[in-house]
Structure formats: C-alpha cells, structure tokens
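Please open the structure in a viewer and keep the sequence panel at hand.

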Amino acid sequence: MSVPPASVVRMKILHTSDWHLGRSFHGVGMLAAQAEWLDHLVDFVDSERIAAVLVAGDVYDRALPAVDVVELLDRTLVRLTAAGAQVIITSGNHDSAVRLGFASSLLEHGGVHVRTRIQDIPRPVLLPLGDGAHVAVYGLPYLEPRLVADSLGADAPGHTAVTAAALERARGDLARRRGEGTVHSIVMAHTFAGGGAPSESERALSVGGLDVVPLEVFGGFDYVALGHLHGRQELAPTIRYSGSPLAYSFSEARQAKGAWLLDIGPEGIGSVESVGWASGHRLAVLRGPLEELLEAPAHAGAETAYCHITLTDAERPQRAMERLRARFPLAVALVFEPDGGGRTPVASYSERLAAASSDLDLCCGFLEHVRGRGPDESERAALGEALEAVRLAEVSR
C-alpha cells in the first residue's frame, strides 16, 4: 500500500500504543479479547478512512512472542494496510527491537514502517497533505540508557539525556525539511514523561527510582504520541498518552480505554479527539462482607467481569473463593481486609509464639494468624492427629 496521494487535503491519524499482544491476565490468556479489539480497530480505520495508525511501543508483551501472537499481528497489519492506512510502529521496553525490526525495509514497501534502530530516528515517514505540505512522523524506539547513551552522544546515562539527544536528531532533520516547504511534525516515543499517571501493569523503566522525562524535552514538535503508561491521558494539548487498548491490571479498571484521533490539514493539527471501542474484557473491583456480595443486586454487572474482591468480614469465611465464584465465575483475585467493627484485638504472631505451650498451640496460632480466625473443633482435632503421626514416625526411626 503506497503513501496517500498528494491530492489528500486533510487526513486522520490514529495514535495507539501498548497493545501487549500475548499478555495474560491473572493467568488467563487475553488473545481472544485482543483479537476482538483489533477487529474493532480495523473496522474503525476502514470506516473513518484513517490515513495512518501509530503504535508507540510495546506491540508485544514479551521479547519472544508465541507463534499465534505473531500470526495475529501479521493478519492485523495486512488488514490495516488493505483498509488504506499506513502503519507506523516503534519498539517498546517489552519488545525485542531486533525481532520486531526484522524485514522492516521490505515491510515499508507494503505500508508498514517499523522504527527500532537509532539510525532511523532522523528518517521520518512522510505523509503528503497536498499544497506541498507534509506530516513528518519520527519514531523513537525505546531507548535503554546504558546501551545507547554513547551512540547518541548523550551527556548522561539517563532517560532524559538519551531522549533529548535522540530528539535533537529528529529536530535537525525537521529543520532541514521545513527549509524546503511546509512540514508538520509528529514524534512517537515510549517513555515515562513528567505528569503521567502510571498503572500497576507497566514495567518500570529504571531501577532504584523513577527517571521521568520533563515535558520541555519534547518541544518543537506539533504532536507527541507517547507510549508506556496504560491510562489514556493528556499531559499538554500536544503531548498525550494513548494508553493501552485493554485493561491489563485492576488498577486500570476505571480508566477509559481507546486511542486519540488527530485531524490534520495543510495548516496543521485541527483537532484531537478521544475514541474508544466496547470490549468483552471487563473488570470489576468489589469490596464488602461475603454475604452482602453474594446477595446484593447492585453487583449483577460484575457477574460477567473479571473480579478483584476484598472481603471485609471480621473473620475469614470458609470456602470464600468457591462461594464467590458461584456468582462471579471470573473472580481471579481475593484479599481479606477485616473492617474491625468492634472485633477484640488479638495478640501479635510473635506474642502467640511466645505463649504457646505445645506444638498444637503453635499450629493453631499460625492458622489464626494467616486466616484471621482460629481452628474449630474438627480442625484442631485434625492438627492433633497430624502432629501425633509425625511424633510416632520419628520414634519408630
């Protein structure tokens, strides 16, 4: 698929990121939900006549994706380009830049532009707008500071320094092109920019603290299409995270998922609007006593969602997960946080250890410590039988 013809006066560009194809959610594979979202994406690109789809890093969830995951991306790229869109992809911290970038020169002839190498930073994808104007899209792959600082000539081995050095390469090319005609610019980057709100599902980009890239580093570009943080958010009118298309942790349960749609003409960016698509992958975060959760009509919507449930009963109920899954079959996370409610304070675990007068008391104290209530008569008897069996086995040696 060739670049849109020069007769195009306005074009629509879709900013996405963090597809994380092949990810699992609490042990449950998400490929079917991701395929459903990609179907919506292709339909939207086709119906809205999208000129270019940006994927700002973390196309895959791991460096070595499974065969069916690669096949899903392959089919999707074919469908997107068949719908008339150019696809511009950069590598993220979850991707293998080498594997993702394989055959990138060949793919470019088919309308798929993959940017995974430092030397390609000042080589934009040019999208003609007509009247001699273009949009130049610069793709910054994820830049691991320790590996690229010297190659980029960065003045320090940190994310801010290497990002600034990489952007200077793009600015140099952009300045040259603007001297020859009207060029509007988009830069794609996979990083943690100042002011962004993180989620639990993102992998930290630095060890021992946050290496946050200030927004002023991105100055000089008409639009900055960011990836890495999973919440769709606007850091500045021209600097935005598209977020992940699906929720990949319960911390994202209340986030709006989707993408940003840019409308661009010869005069520049006319508008940026949020877009989203329905998904069967829904999350619910529930809290309360077990019986209330099992009976309250207000929780009916969670019966078909993946559930994170916090039980607030004063004592840990027996067979809690089994009973919850009778109503919420997709419950995947369960925690206990007793509200208290007049409950008599119990001794600390170390105090119970010190006060234990027998092995049986020690085991009963441990059971109470981990589940919030002591053993009943049958459980205490079972513990006693187990301890006696151990004693007899040791005597017979």
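The stops below begin with the complete chain and then move to single residues.

**Conventions**

This is a predicted model, in which local features need pLDDT of at least 70 and side-chain atom pairs count only at pLDDT 80 or more, while totals for chains, interfaces and linings use all residues. Residues are numbered from 1 along each chain as its sequence is written, and side-chain values use heavy atoms, with hydrogens and water left out.

**Stop 1: the whole chain**

Display the chain as a cartoon; it has 11 helices and 17 strands. These elements are DSSP runs numbered from the N terminus, with helices being H or I of at least four residues and strands being E of at least two. The radius of gyration of the chain is 27 Å, well over the 21 Å that the globule rule gives for 397 residues, so the chain is more spread out than a compact globule. That radius is taken over C-alpha atoms, and the rule is 2.2 Å times the number of residues to the power 0.38. Orient the view along the principal axes: the C-alpha trace spans about 90 × 50 × 45 Å.

Next, colour by accessibility. Of the 397 residues, 47% are buried, where buried means under 20% relative accessible area, exposed over 50%, and partly exposed in between (1.4 Å probe, protein chains only).

Among contacts (heavy atoms within 4.5 Å) with a separation of 6 or more, 67% are between residues 24 or more positions apart. Selecting the charged side chains gives 36 positive and 50 negative groups, and the centres of the two sets lie 2 Å apart. Lys and Arg count as positive and Asp and Glu as negative, whereas His and the chain ends are not counted; each charge is placed at NZ of Lys, CZ of Arg, CG of Asp or CD of Glu.

**Stop 2: residues 281-337**

Select residues 281-337, which UniProt lists in an unreviewed entry as "domain: Nuclease SbcCD subunit D C-terminal". This segment is 25% helix and 32% strand, and its end C-alpha atoms are 27 Å apart.

**Stop 3**

Most residues other than glycine have a negative phi. Which loop holds His-20? His-20 is placed between strand 1 (11-16) and strand 2 (24-25). Its phi is near 50°, and His-20 is buried, at 0% relative accessible area. Now move to Asp-131, in the loop between strand 7 (125-130) and strand 8 (133-139). The phi of Asp-131 is about 55°, and this residue is exposed, with a relative accessible area of 73%.

**Stop 4**

Select Thr-90 in strand 5 (residues 86-90). Is Thr-90 buried or exposed? Thr-90 is buried, with a relative accessible area of 0%. Beyond four places in sequence, its contacts include Val-55, Asp-58, Leu-100, Arg-115, Pro-141 and Met-188. The C-alpha atoms of Thr-90 and Ala-189 are separated by 7.7 Å, although the two residues are 99 positions apart along the chain.

Pro-141 is buried, at 5% relative accessible area. Besides Thr-90, Pro-141 is in contact with Ser-91, Arg-115, Thr-116, Arg-117 and Ile-121, leaving aside neighbours within four places in sequence. Its C-alpha atom is 9.9 Å from that of Asp-58, 83 residues away along the chain.

**Stop 5**

Remain in the loop between strand 8 and helix 5 and select Leu-143. Leu-143 is buried, with a relative accessible area of 6%. Not counting residues up to four places away, it touches several residues, among them Ile-118, Val-148, Leu-152, His-159 and Ala-166. Leu-143 and Ala-166 are 23 residues apart in sequence and 8.9 Å apart C-alpha to C-alpha.

Finish at Ala-97, in helix 3 (residues 97-100). Ala-97 is partly exposed, at 30% relative accessibility. With residues up to four places away left out, Ala-97 touches Ser-91 and Thr-116. From Ala-97 to Val-114 the C-alpha distance is 9.7 Å, across 17 residues of sequence.

Key: UniProt positions renumbered as here; feature names shortened; annotations may be inferred.
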